[in-house]
Amino acid sequence: MTAVAPGAAVAARPLAGILWMVLAGLFFVGMTATVKLVGAGVPAAQSAFLRFALGLPFAVPMLWPLWRRGLSAGEARLFAARGAVHTLGVLLWFFAMTRIPLAEVTAMNYLNPIYVTLGACLFLGERWEARRLIAVAAALLGALVILRPGLRAVEPGHVAMLGASLFLAAGYLVAKRLSGQVPAAVVVGMLSATVTLGLLPFAWAVWVPVGPVEIGWFFATACFATGGHYAMTRAFAIAPAGATQPATFLQLLWSVLLGAAAFGEPVDAWVIAGGAIIMAAVSFISWREAVARRMMAAEG
């Protein structure tokens, strides 16, 4: 579940940032592939729960500052809201992962930052700039190229992936509100805790026995996810988003190759083209937002 978000750093180390982003992409594709590998025999809700539950050992140390300072009522509501929307997004993402090819999941996941851009304008009071409208329109065109409604059947997995990107983007917007109130590590740790709790009743309702092999694979997904988010955070911290965003397109290339080699999925040129259009839109808006921030800083 890749979260390609606009970066906030402008350090002059673009090559290092690109390498970190390439590493993040490898981790995220590895996570997606392991979910697909074991997802056929385990219900989506249970798969999602095991992925987050087995990742809790990484998250618990991040919550130490929270135990010391406590939570205000407003912060608690924001954490609960983020946990709820992220839980729904994760459920839909795991369902889509077992229904549509790896490359299509990766390509449609690029819609996440476009939804974030729309949500920031609609709910956070950010201005409707022409550059944002252009990026949104281009990304929607890319999604239509991937889905090709009327030319082929739109599967439930495609609809689920659209919904997953929407809910995950909503979670990111809540995280933006929280980031100014609590440390970033607490935001990450609370996400793991709240989503694990949110997924528990869904997983319980469909639970099937799993053996040590499946548990090992789900633990691997947690390790891949943690490594991917760490590498992505490092990339955003040391390089401009405009430099690192194009590197995320490599995830689609690796997904195509891995899907063909490991799962026998055909290479679909339309999916690659649509993913390229969406990624170009994401790169464009990331670059333009970075330029706008530098201009505002210079004027201020």
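First, the ground rules. This is a predicted model, where local features need pLDDT of at least 70, side-chain atom pairs count only at pLDDT 80 or more, and totals for chains, interfaces and linings use all residues. Residues are numbered from 1 along each chain as its sequence is written, and side-chain values use heavy atoms, with hydrogens and water left out.

Start with the helices. Helices here are DSSP runs of H or I, at least four residues, numbered from the N terminus. Helix α1 spans residues 14-39 and helix α13 spans 250-263. Their axes come within 10 Å and cross at roughly 35 degrees. Axes are lines fitted to C-alpha atoms over the stretch in contact, and angles run from 0 to 180 degrees between N-to-C directions. The crossing is right-handed, meaning the near helix is turned clockwise from the far one by less than a right angle.

Who touches whom? Contact means heavy atoms within 4.5 Å. On the α1 side, the residues include Val22, Phe28 and Lys36. On the α13 side, they include Trp254, Leu258 and Phe263. The residues of this contact divide into ten nonpolar, three polar and one charged. Nonpolar covers Ala, Val, Leu, Ile, Met, Phe, Trp, Tyr, Cys and Pro; charged covers Asp, Glu, Lys and Arg; the others, Gly among them, are polar.

Stay with Lys36. Its charged end sits over the ring of Phe263, 5.9 Å from the centre. The test is NZ of Lys or CZ of Arg within 6 Å of the ring centre and within 35 degrees of the ring normal. Arg51 does this over Phe52, at 4.1 Å.

Now the rings. The whole structure has five aromatic pairs. Rings of Phe, Tyr and Trp (its six-membered ring) pair with centres within 6.5 Å; planes under 30 degrees apart are stacked, over 60 edge-to-face, the rest tilted. Trp20 and Tyr230 are edge-to-face, 5.9 Å centre to centre, with 80 degrees between the planes. Trp20 lies in α1 and Tyr230 in α11 (residues 212-238), so the pair ties together parts 210 residues apart in sequence.

Buried or exposed? Buried means under 20% relative accessible area, exposed over 50%, partly exposed in between (1.4 Å probe, protein chains only). Trp20 is partly exposed at 24%, and Tyr230 is partly exposed at 47%. Trp93 and Phe94 are both buried.

Last, Arg152. This residue is in the loop between α8 (130-147) and α9 (156-179). Arg152 is partly exposed, at 23%. Beyond its neighbours within four places in sequence, its contacts include Glu104 and Asp268.

Note on methods. Helices (H or I, at least four residues) and strands (E, at least two) are DSSP runs, numbered from the N terminus.
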